[in-house]
Amino acid sequence: MRLRNEIFAQVLDWLVQENKVEDQKDLAIKTGISQDTVSRIMTGKVEPSDDTLRKLNASFGNIFNMQYLRGESTVMLIEDVAYYKSHPKELKKLFGEEEKEIEENRKTGRFVKRRGAENLRSASLIRLYGK
């Protein structure tokens with residue numbers, strides 16, 4: 001599972017790229033999360049709590065996939081989750097070589113034990129497809 005701090009940093013980078021915030025200070029102001037807490041999360045001193053992640057998500061109209069924010073999925077935005085649910089072939093193309101494994105896991109409801117992000121990726125895709 002990916003560290004929540006890394007994910008928080010990626011979300012901040014995305015928000016900056018999308019011109020939704022300017023920096024950590026602006027994020028703190030827009031979310032109501034203290035600037036000290038944002039700084040401590042970004043430096044790895046603390047991990048963001050579920051409440052902090054919910055507050056972050058709510059501040060931007062719940063556009064983020066909470067499973068992503070908690071490190072349980074590789075799909076960041078809710079609109080992408082919806083897209084891939086309605087376009088399963090696109091999802092399979094995205095992960096090419098895992099297509100057969102994903103389908104097998106979907107049918108059996110089992111997770112294949114694999115290393116690192118690949119296992120997380122398969123688990124995320126299974127959640128999208130359902131059992």
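The accessible surface of the chain comes to about 8,000 Å², with 46% of that area belonging to carbon and sulfur atoms; accessible areas come from the Shrake-Rupley method with a 1.4 Å probe, and for residues only the protein chains shown count as cover. The model is a predicted one, in which local features need pLDDT of at least 70 and side-chain atom pairs count only at pLDDT 80 or more, while totals for chains, interfaces and linings use all residues. Residues are numbered from 1 along each chain as its sequence is written, and side-chain values use heavy atoms, with hydrogens and water left out.

The secondary structure comes to nine helices and zero strands, where helices (H or I, at least four residues) and strands (E, at least two) are DSSP runs numbered from the N terminus. Along the sequence the pattern is therefore α-α-α-α-α-α-α-α-α. Of the 131 residues in the chain, 37% are buried, with buried meaning under 20% relative accessible area, exposed over 50% and partly exposed in between (1.4 Å probe, protein chains only). Contacts (heavy atoms within 4.5 Å) also reach across the sequence: among those between residues at least 6 apart, 49% join residues at least 24 apart.

The buried residues of α1 are R4, N5, I7, F8, V11, L12, W14 and L15. An α-helix has 3.6 residues a turn, so residues three or four places apart point the same way. What covers the buried residues of α1 includes α2 (24-31), α3 (35-42), α4 (50-59) and α5 (66-69).

One of the buried residues of α1, W14, also takes part in the one aromatic pair that the structure holds. Its partner is F64, and the pair is edge-to-face, at 5.6 Å centre to centre with 80° between the planes. For this assignment, rings of Phe, Tyr and Trp (its six-membered ring) pair if their centres lie within 6.5 Å, and planes under 30 degrees apart count as stacked, over 60 as edge-to-face and the rest as tilted. Because W14 lies in helix α1 and F64 in the loop between α4 and α5, the pair ties together parts that are 50 residues apart in sequence. Both W14 and F64 are buried.

Turning to helix packing, the axes of α2 and α4 come within 9 Å and cross at roughly 85°. This makes α2 roughly perpendicular to α4. Residues L27, K30 and T31 of α2 make the contact with K55, L56 and S59 of α4. Axes here are lines fitted to C-alpha atoms, for helices over the stretch in contact, and angles run from 0 to 180 degrees between N-to-C directions. Angles under 35 degrees count as roughly parallel, over 145 as roughly antiparallel, 65 to 115 as roughly perpendicular and the rest as oblique.

Most residues other than glycine have a negative phi, and most peptide bonds are trans. Just after α1, N19 takes a positive phi of about 60°. N19 sits in the loop between α1 and α2 and is exposed, with a relative accessible area of 68%. A positive phi of about 55° is also found at N62, which is not a glycine. N62 belongs to the loop between α4 and α5 and is partly exposed, at a relative accessible area of 46%.

Two threonines complete the picture. T43, in the loop between α3 and α4, is exposed, with a relative accessible area of 52%. The C-alpha atoms of T43 and A9 are separated by 9.5 Å, although these residues are 34 residues apart along the chain. T37, in helix α3, is partly exposed, with a relative accessible area of 27%. T37 and T52 are 15 residues apart in sequence, and their C-alpha atoms are 9.3 Å apart in space.
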